Amino acid sequence: DAPVPPPIRKVIERLREEGHAAYLVGGCVRDTLRGVAPKDFDVASSAWPEEVQRAFPKVIPTGLQHGTVTVLMGGMHVEVTTFRSEGDYHDGRRPNTVTFERDIAKDLARRDFTINAMAWDPAGGHFVDPFGGQEDLGRRLIRCVGSALERFSEDGLRPLRAVRFAAVLDFTLDPATQAAIPPSLPVFRKVAMERVREEFVKLLLSRRAEFGLELLADTGLLEVFLPELAQAEPEAAHRARAAALAAPAEVELRMAALLADLVEPQRAEEIGVRLKFPTKCIERIRLLVTHAGVEHLVGAPDPALRRLLSKVGLAQLEALCAVARARLQVREPARMPEFEALLERLLALAATKPPLSPKELALNGGAIMSALGVGPSPMVGEATRFLMEQVLDEPSRNTPETLRELLTSWRQARGA
Ligand code: ATP
Ligand code: MG
């Protein structure tokens with residue numbers, strides 16, 4: 001009997017007082033049985049959406065057509081969804097129709113895996129487990145509710161969810177469930193990339209990411225959305241997976257560690273676009289992939305290091321170090337001390353806050369124009385780049401006087 005937040009318990013009790021059945025369902029039942037604190041608590045009820053709305057003073061009609069009402073209770077948002085079964089799936093993507101039901105068994109039967117198809121009423125003390133979910137939890141098994149082939153043909157995302165749950169929970173796939181994946185790939189291909197990415201990211205951020213990526217490759221799922229990794233040489237693919245796992249569990253960092261030694265920056269960006277990552281996220285992945293190969297800077301002088309800092313930006317330096325460290329640990333563990341020394345030097349240089357971008361120059365655009373005696377022209381851009389290089393070589397040059405002197409000799413050298 002695990003702790004259920006009081007507002008959730010109140011919602012269930014209130015629905016029961018009104019004569020409805022109400023249960024906790026899905027992930028929260030599974031996680032509670034595993035002894036893990038659930039991320040969120042989903043309530044399912046025999047009450048129809050209008051009945052849920054009538055039972056509580058404060059509600060948000062979140063998705064009435066799907067039967068979901070959000071109840072505001074004790075400072076919490078509690079989602080209550082009417083029991084439902086799903087009609088035919090015409091293209092393996094979304095059910096054509098949703099039918100509200102009065103019987104919890106119907107609702108559990110539409111769910112994907114046995115461990116996700118249990119219901120628990122903490123107020124009434126009922127536990128409903130028609131498909132042996134508890135036993136599968138004990139055996140650490142991902143198994144479809146009913147025929148795996150049928151369930152995968154209804155919703156092509158389910159094969160990926162099976163692998164995702166195996167990675168996140170550190171479970172294995174039931175043989176019949178795993179065997180149903182390859183024949184379901186044509187349906188998986190039709191699934192919207194946003195849904196694929198959401199599951200893929202959960203897998204990638206899990207502690208068993210390496211195992212999950214391998215299982216994705218073995219089942220043929222990976223080939224559909226990340227052929228670059230699926231088709232890589234075994235040794236390169238292994239290193240990419242291990243580097244991803246070695247990076248901190250942050251999506252851009254793990255994506256960059258996965259891709260840095262596999263593809264060019266341009267292709268990394270294309271992959272981000274293909275998987276419909278947000279633009280900001282794609283830009284960050286591309287930046288990290290572009291500069292992750294820091295090892296050529298071992299033993300390089302400070303100006304070379306400052307040039308890297310100016311390209312990466314101080315805001316992304318920690319992330320870059322994390323990605324570089326992850327891939328180097330996998331590739332050249334014996335050389336880690338010298339790589340760590342390099343990363344230390346980069347961080348120490350950054351801490352001196354050297355000028356790294358044109359806007360930090362001691363002369364702004366206007367001052368450069370008057371020093372040169374010209375108006376806006378391409379020459380100003382050239383002069384700015386020249387000064388920036390001078391200051392990256394030697395930050396102490398960044399004073400108005402020194403920069404003016406440098407400009408004078410620059411103009412003379414150009415014969416202008
Ligand atoms: P997590 O803790 O990772 O969110 P979860 O079990 O809550 O795990 P969700 O994706 O949030 O997973 O889905 C909630 C529940 O809805 C699942 O436990 C499952 O019962 C059901 N479900 C979700 N997606 C599907 C699907 N594609 N097919 C069938 N049932 C699904
Ligand atoms: Mg969930």
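# Questions about a predicted model

Trainee: Is alanine 351 buried or exposed?
Mentor: The cut-off for exposed is over 50% relative accessible area. Alanine 351 has a relative accessibility of 58%, so the residue counts as exposed.

Trainee: How far apart in space are alanine 351 and leucine 314, C-alpha to C-alpha?
Mentor: In sequence, alanine 351 and leucine 314 are 37 residues apart. In space, their C-alpha to C-alpha separation is 9.3 Å.

Trainee: Which residue in strand 4 stands opposite valine 59?
Mentor: Strand 3 and strand 4 run antiparallel and are joined by three bridges. They form a hairpin with four residues between the strands, where glycine 67 takes a positive phi near 90°. Opposite valine 59 stands valine 71.

Trainee: Which residue in the turn between strand 4 and strand 5 has a positive phi?
Mentor: Strand 4 and strand 5 pair in the antiparallel sense over six bridges, with threonine 68 opposite threonine 81. Two residues lie between the strands of this hairpin. The one with a positive phi, of about 50°, is glycine 74.

Trainee: How many of the six residues of strand 4 are buried?
Mentor: A residue counts as buried under 20% relative accessible area. Strand 4 is largely enclosed by the rest of the structure, because the number of its six residues that are buried is five.

Trainee: What is the bridge partner of aspartate 42 in strand 5?
Mentor: Strand 2 and strand 5 run parallel, joined by four bridges. Across that pairing, the partner of aspartate 42 is glutamate 79.

Trainee: And which residue in strand 2 is the bridge partner of tyrosine 23?
Mentor: Strand 1 (residues 22-25) and strand 2 (residues 42-45) pair in the antiparallel sense over four bridges. Leucine 24 has valine 43 as its partner, and valine 25 stands opposite aspartate 42. For tyrosine 23, the partner is alanine 44.

Trainee: Which residues of strand 1 are buried on its two faces?
Mentor: In a regular strand the side chains alternate between the two faces of the sheet. In strand 1 both faces are covered. The buried residues are Ala22 and Leu24 on one side, and on the other Tyr23 and Val25.

Trainee: How is helix 15 oriented to helix 17?
Mentor: Two packed helices are described by the angle between their axes and the distance between the axes. For helix 15 (residues 251-259) and helix 17 (residues 279-291), the axes come within 9 Å and cross at roughly 40°. That makes helix 15, relative to helix 17, oblique.

Trainee: How many residues of that contact between helix 15 and helix 17 are nonpolar?
Mentor: Among the residues that meet are Val251, Leu253 and Met255 in helix 15 and Ile285 and Leu288 in helix 17. The contact includes no polar residues and two charged ones, and the nonpolar count is nine.

Trainee: Last one: is serine 206 buried or exposed?
Mentor: Serine 206 sits in the loop between helix 10 (193-204) and helix 11 (209-219). Leaving aside neighbours within four places in sequence, serine 206 is in contact with Ala167, Val168, Leu245 and Arg254. With a relative accessible area of 5%, serine 206 is buried.

How values were computed
Residues numbered from 1 in each chain as written. Chains lettered and ligands numbered in written order. Predicted model: local features only at pLDDT ≥ 70, side-chain atom pairs only at ≥ 80, totals over all residues. Heavy atoms only, no water. Axes fitted to C-alpha atoms, helices over the stretch in contact; angles between N-to-C directions. Parallel < 35°, antiparallel > 145°, perpendicular 65-115°, else oblique. Contact = heavy atoms within 4.5 Å. Nonpolar A, V, L, I, M, F, W, Y, C, P; charged D, E, K, R; others polar. Buried < 20%, exposed > 50% of the residue type's maximum accessible area, 1.4 Å probe, protein only. Pairing = 2+ DSSP bridges.
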